[in-house]
Amino acid sequence: MTAFVLTVKCRSRRGIVAAISGFLAEMGCNITDSAQFDDSVTGNFFMRTTFRSETGADLEALSAGFAKVAEPLDMDWQFHDAARRMKVLVMVSNFGHCLNDLLYRWRIGALPIDIVGVVSNHLTYQKVVVNHDIPFHHIRVTPQNKPEAEARLMALIEETDTELVVLARYMQVLSDEICARMSGRIINIHHSFLPSFKGANPYKQAYERGVKLIGATAHYVTPDLDEGPIIEQDTVRITHAQSPEDYVSLGRDVEAQVLARAVHAHIHHRVFLNGNKTVVFPASPGSYASERMG
């Protein structure tokens with residue numbers, strides 16, 4: 001039996017769940033997991049349902065039939081083949097901890113994606129990427145050639161049918177145009193200090209201020225730098241006995257874990273945009289072993 005995922009977003013109203021479950025039952029489908037959230041503040045309703053077809057219904061048949069159900073309820077919806085791997089393009093600069101973590105999870109099957117390539121503005125990780133039999137693309141970026149570099153990037157995204165771009169510590173700011181064209185399809189990772197430190201060597205600044213918590217934030221990229229809708233966050237405690245080098249090491253660990261969890265949630269269609277925020281449903285209980293990350 002083929003497994004599918006149905007994602008739905010619409011205005012909250014009576015009868016949505018009944019309409020969805022009734023349609024799936026009529027199509028000979030068995031629901032294996034379902035999560036929903038009714039946001040009383042925005043008035044939006046979100047639902048993610050996993051199911052198996054017991055009659056051989058395919059995506060085309062499901063979509064054609066569901067359109068009649070969705071139209072009167074003004075739903076934003078989509079069916080997904082649960083076995084299909086999302087095409088992902090990874091971007092990196094000179095810090096490779098997130099890239100290496102993603103490659104490891106991908107290699108052992110913990111991150112079921114199709115990595116269509118790795119883009120970098122440096123050659124630092126070319127050998128690492130090529131050794132994984134993944135295409136490596138060196139796109140040098142300078143203030144003078146940035147428009148041409150971004151044109152090459154967009155061409156590559158289109159040529160590879162990239163569905164998600166992951167900025168694994170890519171240290172170049174993307175233009176507003178790319179952010180708009182790829183809205184909801186670019187994930188970035190950055191450190192989160194309490195209090196926050198920006199500029200050069202933030203870990204040293206945190207050490208000098210005696211910070212006791214450091215962490216990381218994974219979010220969708222928007223034209224507002226590092227202020228996009230948050231997908232995943234985590235923190236780690238620091239003690240007075242730890243060195244600046246410890247701060248860096250622990251920071252890299254939490255960055256890699258948070259980014260991987262965010263990517264994992266996105267590729268399994270568990271993340272919904274809700275204005276400037278996100279709704280992130282937990283991994284399905286029935287697939288805990290395959291979806292558990294971190």
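Let's start with a term: a residue counts as buried when its relative accessible area is under 20%, as exposed when it is over 50%, and as partly exposed in between (1.4 Å probe, protein chains only). Cys10, at 5% relative accessibility, is therefore buried.

A quick note on where all this comes from. This is a predicted model, where local features need pLDDT of at least 70, side-chain atom pairs count only at pLDDT 80 or more, and totals for chains, interfaces and linings use all residues. Residues are numbered from 1 along each chain as its sequence is written, and side-chain values use heavy atoms, with hydrogens and water left out.

**Cysteines**

A disulfide is a covalent bond between the sulfur atoms of two cysteines. Here the test for one is a pair of cysteine sulfur atoms within 2.5 Å, and the structure holds zero of them.

**Salt bridges**

Side chains of opposite charge can pair when their charged atoms come close. To count as a salt bridge, a side-chain nitrogen of Lys or Arg must lie within 4 Å of a carboxyl oxygen of Asp or Glu. How many turn up in a search of the whole structure? The search finds eight, including these:

| Salt bridge | N to O distance |
|---|---|
| Asp161 and Lys87 | 3.9 Å |
| Arg181 and Glu158 | 2.7 Å |
| Glu255 and Arg169 | 3.0 Å |

Where do these partners sit? Helices (H or I, at least four residues) and strands (E, at least two) are DSSP runs, numbered from the N terminus.

Take Asp161 and Lys87, which meet in a salt bridge. Asp161 is in the loop between helix H5 (146–159) and strand S8 (164–167), while Lys87 is in strand S5 (residues 86–92), so their pairing ties together parts 74 residues apart in sequence. Asp161 is partly exposed at 48% relative accessible area, and Lys87 is partly exposed at 25%.

Next come Arg181 and Glu158, also joined by a salt bridge. Arg181 belongs to helix H6 (residues 176–181) and Glu158 to helix H5, so parts 23 residues apart in sequence are tied together. Arg181 has a relative accessible area of 42% and Glu158 one of 47%. Together with Glu177, these two residues are linked in a network of salt bridges.

Finally, are Glu255 and Arg169 buried or exposed? Both are buried.
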